[in-house]
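Trainee: Please show me how to read a structure one feature at a time.

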Amino acid sequence: MSVMNLMLETFADSSFVRLFTEMNGWAMALFIVGVIFCAIEMCTPGVGFFGICGIILVVAGIVVRMVCGGDVYMLLYMILFALVLFIVMFVVASLLIRKSKLGKTAIFNVGTAVPEDKTEGTRDYAYLLGKIGVASTILRPCGKVNFDGETVDVVARDSFIDTGASVEVVRVEGQRVVVVEIK
């Protein structure tokens, strides 16, 4: 007997080959219908009927296969096969959805109407950099400063600043306006 024939006979007797050649019709039907249900769920948003039933049917197919003469290796092969199949289906579904008309619908198009560099509630105080204003309140170190009729919350960089003192904006960090007293 040649080495090649010995290897083929060993492979033919392995759990992997027996997994498919000796599979019960019910186990195969449950597994395939479960995979089809999971594929349908991947194309529809949310976790619904098809996803839950699909997972239950796949698990039921694996259990039926194990009850009808399976071993531990077959169980591992079936779980690995199901995981690889679901990953491939997910990748294919995500690529198809992204390139199809379905990907352009409101469900999958999650863009925003607000510019990405700013949020709706953030004011841009960069125009105040270098401006001179008058302290409306005592800055300890936070307070309010009047810049040409516009009152802005500011932070004093160095020390407390009295009401009525002239201040200059030296730094703007988002909504944080940092001022120093002009002496």
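Trainee: Is D153 buried, partly exposed or exposed?
Mentor: The general idea is relative accessible area, found with a 1.4 Å probe and counting protein chains only: buried means under 20%, exposed over 50%, and partly exposed in between. D153 has a relative accessible area of 48%, so D153 is partly exposed. Before we go on, note that this is a predicted model: local features need pLDDT of at least 70, side-chain atom pairs count only at pLDDT 80 or more, and totals for chains, interfaces and linings use all residues. Residues are numbered from 1 along each chain as its sequence is written, and side-chain values use heavy atoms, with hydrogens and water left out.

Trainee: With which residue does D153 form a salt bridge?
Mentor: A salt bridge is counted when a side-chain nitrogen of Lys or Arg lies within 4 Å of a carboxyl oxygen of Asp or Glu. The partner of D153 is K144, and their closest N and O atoms are 2.6 Å apart. K144 is partly exposed because its relative accessibility is 36%.

Trainee: How many salt bridges does this rule give?
Mentor: The count comes to 5 salt bridges. One of them joins E173 to R171, with 2.8 Å between the closest N and O atoms. E173 also meets R176 in a salt bridge, at 3.0 Å from N to O. As for accessibility, E173 counts as partly exposed at 39%, R171 is partly exposed at 36%, and R176 is partly exposed at 38%.

Trainee: How many helices and strands does the protein chain have?
Mentor: Helices (H or I, at least four residues) and strands (E, at least two) are DSSP runs, numbered from the N terminus. The protein chain has 5 helices and 5 strands, and along the sequence they follow the pattern α-α-α-α-α-β-β-β-β-β. Of its 183 residues, 26% count as buried.

Trainee: Which residues of α4 are buried?
Mentor: They are G51, G54, V58, G61, I62, R65 and M66. These residues cover an arc of only 135 degrees around the axis, so they lie on the same side of α4. The arc is taken from the directions that run from the helix axis to the C-beta atoms. On the other side of α4, F49, I56 and V67 are exposed. After α4 comes G69, which has a positive phi, near 95 degrees.

Trainee: Which residues are buried in α5?
Mentor: In α5 the buried residues are M74, M78, A82, F86, M89, A93 and I97.

Trainee: How is a pair of aromatic rings described?
Mentor: By the distance of the centres and the angle of the planes. Rings of Phe, Tyr and Trp (its six-membered ring) pair if their centres lie within 6.5 Å; planes under 30 degrees apart count as stacked, over 60 as edge-to-face and the rest as tilted. The count here comes to 4 aromatic pairs. The rings of F37 and F50 have centres 5.2 Å apart and planes at 90 degrees, so this pair is edge-to-face. The pair links distant parts of the chain, with F37 in helix α3 and F50 in helix α4, 13 residues apart. F37, F49 and F50 form one aromatic cluster. F50 is partly exposed, with a relative accessible area of 31%.
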